[in-house]
Structures are given as C-alpha cells and as structure tokens.
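Work through the exercises below with the sequence and the 3D structure at hand. Each task is followed by a stepwise solution.

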Amino acid sequence: MLGGRHQKGGGGAGVGSLHQMDTDDNHVISWRESGIETAHTRAIDTFDILTQVSHTHDVIIFFVMGIITAFSSRRRRDSIRQTWMPQGEALWKLEVEKGIIMRFFNPQGVLDRAIDAEEEQYHDFLRLNHVEGYHELSTKTQTYFSTAVEKWDADFYVKVDDDVHVNPGVISSALARHRSKPRVYIGCMKSGPVLAQQGVKYHEPEYWKFGEAGNKYFRHATGQLYAISKDLATYISVNRHILHRYANEDVSLGSWFIGLDVEHIDDRSLCCGTPPDCEWKAQAGNPCGASFDWSCSGVCRSIERMEEVHQRCREDDGAVWHAVF
C-alpha cells in the first residue's frame, strides 16, 4: 500500500506517524573510553534519563540507518564504532534529539551467544529472522526493510554495508532535501551490464529476462548505501512474499520499484572514493555522505583502513548535531 501515514497496531504491516523511542534495549549503556572500553556507572544514569524522556514525549523518527553485517564481522563493526558511529550516550541522544536511529542488523543463528555478549556491551543490534549467505542478500535486504518499518515509524530507511565510511551529518542533510516527497529512492544510480557467463562475479542466472546479450540493467542504486522513503519501505514489507529476488541485491531493490510512481534521486555524494577523492572534497567544504573503493565494493581492507579514511574524510565535529532538518 502506498501513500499516507498509518497507525501501528490493529492489523497489517502499516506504520504510524509518530513512534516513541525504542526501549527494548533496556540495559546498561556502554561508554567509549580509551577506544571502545565501557564505563557502566556513568552510562546507567544517562540511559535512565533518556528512557524517561522517551516515555513522556513522542519522538519523531527522521531516519533509521541499518548497517548490514554478518556474524563473523565483529572487527568490521568495531572499526565503525571507533570512527563514524556514535556510542553510548551519544547514540541514544541522537535518537531523542535528532530522530536518527542507527543499528547493526544481524541475522539470528548459531552464534547468538557471541552476539548476545556484544549486544550487552554496545546495545546497537537488531536481529533479523534470516539465514546468512551471499546469495541470500536480496532476502536479507528485504527482511531488513520489513523489520525496520514494522518497528520504527520513520521518514526514511537507509541501508549501508559494514565496510563503508559514512558521514551521518551529510546523510541527514541529503535526506532532508527530499523529506516532503512521498516516494523517493536515493542513491548513486547505475546501470551495469547483465552478466550471463557462469562463474563470474555478479553472474545473473536470469539474464534472459533482460533481453538480448549485452543489455544493461535498469537504473538502480549501487548497493553500498541507499535510502528509501517510508511508503516504499511499507510497500516492501506488505508485499515481501511476492516480490521477486534476483541474484544481486541492488538489482532486486531497483526491480521492486519498476511500475511504481517513484522518484529516483541520483546523489553522487553517496559514492565517493576513498582518499584522495573524499579527502579533497572534505577539504573543499563538501564532505561525502559515503566513501568506499569500487574495486572492493567497500573500503578495501576496511578493518585496517577505516580509521585512516575517517581522519582524512570526516565531516566537521558535531555536523549531525547542527544539521537542520
């Protein structure tokens, strides 16, 4: 179903206009001191205050950012926690004061105990009812949007990979420019070749559906980071059982919007290269929303290089707090 705001509860996969801040993670908040160590006593007081605020005031959610990760990617997650993702008090204040929710989205599975311990420390996870695997990425993306839209009533839902550098303030400003539009699909739009040859990366088993050999895909956002408005996320949630999934996740998402009245926004600040590209743009006063290496479909060796990329390409301190949207 497209259009309009829907009240949560009372049937269907609709979404409401306002939603109080999620308080399911009602545990001790982790503080980052000396890297990513915790200081529990101070965090308890902060979390209690913010929980009280969430119970007494409606919090309008601007956007949900889902960082798609895997069981084995703990070091990638830590590289993000140590750089561009707020921690502890700052993460919760971001939700209350700016309406921005950031979570790692991870499938449930046999390694839940390890993830439980990590969640107890950082409180930045949401589990997906999904089976892990590269060729299941389209399903994982679909499950993410369905889960997020059913849990939070936001204006936008952002998907980002866990090896991409992000400047949250730039993302906020980019989304704010399109907040009044009902159905928008934002990202770096591309149209690559349909690869029929078996054994190659990004092989398309259903290549014959795209016409003659040598044809290209329809325009769609590259998969490292993209955003969709609430109506589109709701559409995915309601129709998830009948939406076709291609081998490549970004192609699948683009295909779901064909035939719908959707505005495609090609925002090149969401696909900058790593230094020197994003560094030059930051020095010129135009920091990038997302940076990665096309050759690696993410930041190459992101565990080792995320800190370097962050230091050279980061937005001004407090940019997300000062952004007006």
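A salt bridge is a side-chain nitrogen of Lys or Arg within 4 Å of a carboxyl oxygen of Asp or Glu. The model is predicted: local features need pLDDT of at least 70, side-chain atom pairs count only at pLDDT 80 or more, and totals for chains, interfaces and linings use all residues. Residues are numbered from 1 along each chain as its sequence is written, and side-chain values use heavy atoms, with hydrogens and water left out.

**Exercise 1.** Characterise the salt bridge between K190 and D250.

Step 1. The N to O distance is 3.2 Å.
Step 2. Helices (H or I, at least four residues) and strands (E, at least two) are DSSP runs, numbered from the N terminus. K190 lies in strand 6 and D250 in helix 8, so the bridge ties together parts 60 residues apart in sequence.
Step 3. Classify exposure: buried is under 20% relative accessible area, exposed over 50%, partly exposed in between (1.4 Å probe, protein chains only). K190 has 29% relative accessibility and counts as partly exposed. D250, at 11%, counts as buried.

**Exercise 2.** How many salt bridges does the rule give, and which residues are linked in a network?

Step 1. The count is 28.
Step 2. The network links R74, R77, D78, R81, E118 and D124.

**Exercise 3.** Which residues touch the most other members of the largest nonpolar core?

Step 1. Apply the rule: a nonpolar core is a set of buried Ala, Val, Leu, Ile, Met, Phe, Trp, Tyr and Cys residues joined through side-chain atoms within 4.5 Å.
Step 2. The largest core has 40 residues; F63, M65, W84 and L175 touch the most other members.
Step 3. Strand 1 gives the largest share, 4 residues.
Step 4. A second, separate core has 29 residues, including Y157, I228, W256 and V262.
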